[in-house]
Each structure stands twice: as C-alpha cells, then as structure tokens.
Amino acid sequence: MNLGVDHPRAAIVAIDLHRGHLDMEVATMPTSPEVARQVIAANKRLFDWARGANMPVIHLLTQYRDVTEIASNPFWRTRAEDPTNTRKNVLRHNIAGMPGVEIIPELHDRERDFVVDTKKRYDCFLGTDLEFTLRAHGINTLLITGVNTNSCVLATTTAANVRDYAVIVVKDCVETMDGPALHEAGLLCIKTAFGLVLDTTEIMALNIFATADKSAA
C-alpha cells in the first residue's frame, strides 16, 4: 500500500483514551458503555501489537488548569448552556485533579509510552509538544486512535495532514459520544481529504513500517 512516504516510520497517536470519556463511574463527557468497552478492547489489541514492534505509543490527554481555560472558547460555552447536548458538561470536564484525568489503566504502559498532557483543544498539535516528540524520533507516519471521531480525531488528522505527515486513522480504534452518524461522517471527511482509514487487522497485515528505535518507545 502506498502511504506517500518512501520509508514509513510510524507512531500511534492515541487521543483522550481517559476515564473522563470511557469510565462510566467518573466520566463527565461519556461515550456509551458499549462504545467504551469496544474502543478500549480495540486499542489494547493495537497497542500490544505496536509495542511488540517497538512502535511508540503517544497518549494525548486533555487537562485544564481551571474552568477559565475551557470557557475561553465561545462555542463551548454555548454547549454548556444546552442541557440536551452531549457536551453539556464541557465546563467541568478534565480539570486537573479530577479522576477523569487519567488514561484508562489497561491502555497505559508507564514504562514505555509517551504522555502529552497539555492538550486543551481538539487539535492535538495546538499548544503541546507533540510535533517536537514526533520529529525527535523521526516519525513521518501517524496511526491515530481515540475519542471523538468527529472532533479531536478529525481536527488532529487535519492538522497532521497540513504538516505533511502520512496519516492512518484506525477505524476500530476511534469512536464518539455523539452517535454513529457523526462517527461515520468524521471518517468520511478524513478518507476523502486527509488520510487513510484502515482497521487494526489491515494495519497489522501491511508489514511496511520500519522498526522504531527502542529508545523511542
């Protein structure tokens, strides 16, 4: 398969696989329980394979110092005023110290994975050191997973594309709290203009990724 790069060197960029979305006991902006179970299981399968191939796993974690950092986004403030909206709890989501600000434990290898916990907007490159980490380790291809397909995954895929990374969104490893129609709409936008959409089985079968340096994993 042609990814558009001569020698693919890949990393997984795992977006917001935290308790604030996926642990129903503490989640402030939850997916459905069924979605949470599916996306956790799919990501664990992918991560186990990637770590076995010395492919870095980079977790992007949303975390705010205080409500002001959230409320400075005008549109988000309108969501907080709509009690029927899936994002109605945005002003009390993933503030530092809350239990939601924790990667789902079975998805986090503390000895090997990178964590970027300064994400505050949908685009994972904005205001974080994600690009520094990728460039430092010679990464030119991103396997993007996580939540939500139609916001953070879509925005980050777009941002990666305009920075000239090859992008694959891992279909079975992304999901949304906004329902299946918006999940599919996000994937359609991505595969039309920004990157490939493949599932984990298809990615494992490619066998085209250069082995990452062990120091990068």
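Student: How many of the 217 residues of the protein count as buried?

Tutor: In this predicted model, 51% of the 217 residues of the protein count as buried. Buried here means under 20% relative accessible area.

Student: What radius of gyration does the protein have, and what would a compact globule have?

Tutor: A compact globule with 217 residues would have a radius of gyration near 17 Å, and the protein, at 16 Å, agrees with that. Along the principal axes, the C-alpha atoms fill a box of roughly 50 × 35 × 30 Å.

Student: What does the accessible surface of the protein come to, and what part of it belongs to carbon and sulfur atoms?

Tutor: The accessible surface comes to about 9,900 Å², and carbon and sulfur atoms account for 53% of it. As for charges, the mean positions of the 22 positive and 27 negative ones lie 2 Å apart.

Student: How should I read the order of the elements of the protein?

Tutor: Start with the count: there are 8 helices and 6 strands. Then read from the N terminus on, where the elements run β-α-α-β-α-α-β-α-β-α-β-α-β-α. Among contacts between residues at least 6 apart in sequence, 78% join residues at least 24 apart.

Student: Which residues of helix 6 are buried, and what do they pack against?

Tutor: The general idea is that an α-helix has 3.6 residues a turn, so residues three or four places apart point the same way. In helix 6, the buried residues are Thr 149, Asn 150, Ser 151, Cys 152, Val 153, Thr 156, Thr 157, Ala 159 and Ala 160. The buried residues of helix 6 pack against strand 1 (10–15), strand 3 (114–119), strand 4 (141–147), strand 5 (166–175) and helix 7 (180–193).

Student: Now a loop residue. Is Asn 94 buried or exposed?

Tutor: Asn 94 sits in the loop between helix 4 (74–80) and strand 3. Asn 94 counts as buried because its relative accessibility is 0%, and the cut-off for buried is under 20%.

Student: Which residues does Asn 94 touch?

Tutor: Leaving aside residues up to four places away in sequence, Asn 94 touches His 18, Gly 20, Thr 28, Leu 61, Thr 62, Gln 63, Tyr 64, Gly 100 and Val 101. Val 167 is 73 residues from Asn 94 in sequence and 27 Å from it in space, C-alpha to C-alpha.

Methods. Residues numbered from 1 in each chain as written. Predicted model: local features only at pLDDT ≥ 70, side-chain atom pairs only at ≥ 80, totals over all residues. Heavy atoms only, no water. Helix = DSSP H or I, 4+ residues; strand = E, 2+ residues; numbered from the N terminus. Rg over C-alpha atoms; globule rule 2.2 N^0.38 Å. Buried < 20%, exposed > 50% of the residue type's maximum accessible area, 1.4 Å probe, protein only. Contact = heavy atoms within 4.5 Å. Areas by Shrake-Rupley, 256 points an atom, 1.4 Å probe, with all protein chains shown as cover. Lys, Arg positive; Asp, Glu negative; His and termini not counted. Charge placed at Lys NZ, Arg CZ, Asp CG, Glu CD.
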